[in-house]
Amino acid sequence: MDLLHWWRQGDAVTQGTALLLLAMSVGSWVVIVWKTWFLHRGSRDVARSMAAFWQAPAVDAAQRTLAAFDRETLVLPLVAAAHAVAQRSPAGSLAHAASRSQQLTRGLRDALHAVLARLQAGQVLLATVGSTAPFVGLLGTVWGIYHALTAIAGAGQISIERVAGPVGEALIMTAAGLAVAIPAVLAYNAFGRVVGRIEADLEGFALDLRELMLHQTGGGG
């Protein structure tokens, strides 16, 4: 089927729907390619970085070591936040007036939220594309069929040959919507499993790091 002919036959709604599906497809594939690379590196770096941290003789040395292992900067922000709290003077603002335990909890929580936000980047786009693209394609199909039948009725002659071509062209939009949605849904589910595993590792590491810093600074005071 000649796509150029189909494009020329379509009106503004049909063409706008097709462009929207194209934009959704390009956006989702950009996220898929980038996030595949990001999570592949990140999942390896997290395991290597946590092992390197626990093998280091001190926190200062661990931070220098993590600079080489933590390429996606997923573990280093937690260590930096905990180390900053451990070195903080007790005087100052209300945040400094809290116990060392509370300061560590707050600092690690904020750092962990920032890291998790990076891990979740792109997931909303994939979920949106996966859930809406079929309906966008269906809208294009319904509008295309309506437009085709209106043109056929205006011609005064209705036959299977006249109906099959325009309706078949309109159904392209349904197929396009599914072609856009399916990769996005599959990628969203696959990335969700990897992100969940990394999140669990980072949360466990943050808890262990908090206990280590409390021990080194002399408890919760």
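# Exercises on burial and ring pairs in a predicted model

Asn189 is partly exposed, with a relative accessible area of 38%, where buried means under 20%, exposed over 50% and partly exposed in between, taken with a 1.4 Å probe on protein chains only. The model is predicted, so local features need pLDDT of at least 70 and side-chain atom pairs count only at pLDDT 80 or more, while totals for chains, interfaces and linings use all residues. Residues are numbered from 1 along each chain as its sequence is written, and side-chain values use heavy atoms, with hydrogens and water left out.

## Exercise 1

Task: Place Asn189 in the secondary structure and give its distance from Leu126.

Solution: Asn189 lies in helix α8; helices (H or I, at least four residues) and strands (E, at least two) are DSSP runs, numbered from the N terminus. Asn189 and Leu126 are 63 residues apart in sequence, and from C-alpha to C-alpha they are 9.5 Å apart in space.

## Exercise 2

Task: Work out which residues of helix α3 are buried, and which exposed residues the face turned away from them carries.

Solution: In α3, which spans residues 59-69, the buried residues are Val59, Ala61, Ala62 and Leu66. They lie on the same side of α3 because they cover an arc of only 145° around the axis, the arc being that of the directions from the helix axis to the C-beta atoms. The face turned away from this buried side carries the exposed residues Arg64, Ala67 and Ala68.

## Exercise 3

Task: Describe the geometry of the aromatic pairs Trp34 with Phe38 and Phe53 with Phe205, and state where each residue lies.

Solution: The structure holds 4 aromatic pairs, counted when rings of Phe, Tyr and Trp (its six-membered ring) have centres within 6.5 Å, with planes under 30 degrees apart called stacked, over 60 edge-to-face and the rest tilted. Trp34 and Phe38 form a stacked pair, at 5.3 Å centre to centre and with 20° between the planes. Both lie in helix α2 (residues 12-55), 4 residues apart, about one turn of the helix. Trp34 is partly exposed at a relative accessible area of 34%, whereas Phe38, at 2%, counts as buried.

Phe53 and Phe205 form an edge-to-face pair, 5.3 Å centre to centre with 85° between the planes. Phe53 lies in α2 and Phe205 in α8 (residues 160-217), so this pair ties together parts that are 152 residues apart in sequence. Phe53 is buried at 4% relative accessible area, and Phe205 is buried at 2%. Finally, ring pairs link Phe53, Trp54 and Phe205 into a cluster.
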